[in-house]
Amino acid sequence: MMSKLKITYFDVNGGRAQPIRLALYLGGIEFDDDRFPYSQFSEVRKNTPLQQVPVLTINGQQVTQSNAITRYVGKLTGLYSENDFNALLCDELMDSVEDVTSRIVTTFGLEGDELKKARTNLLEYYLVPHLNWLAKKLGENDYFIENRISIADLKVLSHISWLTSGMLEYIDKQLVESDYPSLHQHSKRLLEHSKIAEYYAKTTR
C-alpha cells in the first residue's frame, strides 16, 4: 500500500519544494500539495520540526530538510541513480544549489546600498563561479546525470527559474541566457517536457 504523502510549502511554483513536487508528478505519485501564503508562515512554522519548510508528511510523520526529501522522492520515482557514484554526483549538484540558495537568502531584508553591495559580492564570489561550474558539469549533455532527467535537473531548474525571474534585485535576469546558454537551454528543455509542461499548466495561477 502506497504511503500517503503531503508536501507543505509556500503557495508558489518555485523554491525548495518545487523539485519535490515535480519529481512526484513525473513519477505519477499522488500527493497532497499543501500550499499556504507567506502571511501564514509564522503560524505554519509552529507545527513543523525545525520551524521551516518544506515538510514532507508520510502517513502522519513529518520529515524536514529539502534535499533529504528530494532524494527520497527521487528514489520513489526512479529519478535518483542506483549507481553509487552517479548518486554522489547528483548529491553534489543539489547541495551546491542549496549552498548558493542559502547565501542569497542571507541578503533578504537588506535595502539600498547595503543590498546592492551584498548582491554584487554574492554575484562575483559565489553565483558566477557556481554557474560556471554548473555549465561545466552539464557540458554538451542534455541532462546532468546519466543523460536522463534526475532530481538534480529539477533542482537546477528551480534554481535557474528563480535567478531569471527578475525577483532578485541586482542580479540580472538575463545573465543565464546571455552568459550560460547551455544552462538556459537545459531549463527550456525541461519546461518543454510534456509532463512538466502539464504540471505547470495545472498549477500556474
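Colleague: Why is Y200 called buried?

Modeller: This is a predicted model, and in it Y200 has a relative accessibility of 17%. Buried means under 20% relative accessible area, so Y200 counts as buried. Y199 is buried as well, because its relative accessible area is 3%, which is also under the 20% limit.

Colleague: Why is the pair of Y9 and F10 edge-to-face?

Modeller: The ring centres of Y9 and F10 are 5.1 Å apart, and their planes stand at 70 degrees; since the angle is over 60 degrees, the pair is edge-to-face. By the same rule, the count comes to eight aromatic pairs, and ring pairs link Y9 and F10 with F36, Y38 and F41 into a cluster.

Colleague: How do you know whether Y9 and F10 are buried or exposed?

Modeller: Y9 has a relative accessibility of 7% and F10 has a relative accessible area of 11%. Because buried means under 20%, Y9 is buried, and F10 is buried too.

Colleague: What makes β2 and β4 the edges of their sheet?

Modeller: The sheet is open and has four strands in the order β2-β1-β3-β4, with mixed pairing. Strands β2 (32-36) and β4 (61-63) each have a single partner strand, so one side of each is left without a neighbour in the sheet. Ignoring direction, neighbouring strands here are turned by 25 degrees against each other on average.

Colleague: How do you know that β3 and β4 pair?

Modeller: Two strands pair if there are at least two bridges between them, and β3 (residues 55-58) and β4 have three bridges, in the antiparallel sense. One of the residues concerned is L56, whose bridge partner in β4 is V63.

Colleague: Why is T48 called buried, and what does its side chain reach?

Modeller: T48, in the loop between α2 (41-44) and β3, has a relative accessible area of 11%; that is under 20%, so T48 is buried. Its side chain reaches the backbone nitrogen of Q51 at 3.0 Å and the backbone nitrogen of Q52 at 3.1 Å.

Note on methods. Residues numbered from 1 in each chain as written. Predicted model: local features only at pLDDT ≥ 70, side-chain atom pairs only at ≥ 80, totals over all residues. Heavy atoms only, no water. Phe/Tyr/Trp six-rings, centres within 6.5 Å; stacked < 30°, edge-to-face > 60°. Buried < 20%, exposed > 50% of the residue type's maximum accessible area, 1.4 Å probe, protein only. Helix = DSSP H or I, 4+ residues; strand = E, 2+ residues; numbered from the N terminus. Axes fitted to C-alpha atoms, helices over the stretch in contact; angles between N-to-C directions. Polar contact = N/O pair within 3.5 Å; in protein donor to acceptor, adjacent residues only side chain to side chain.
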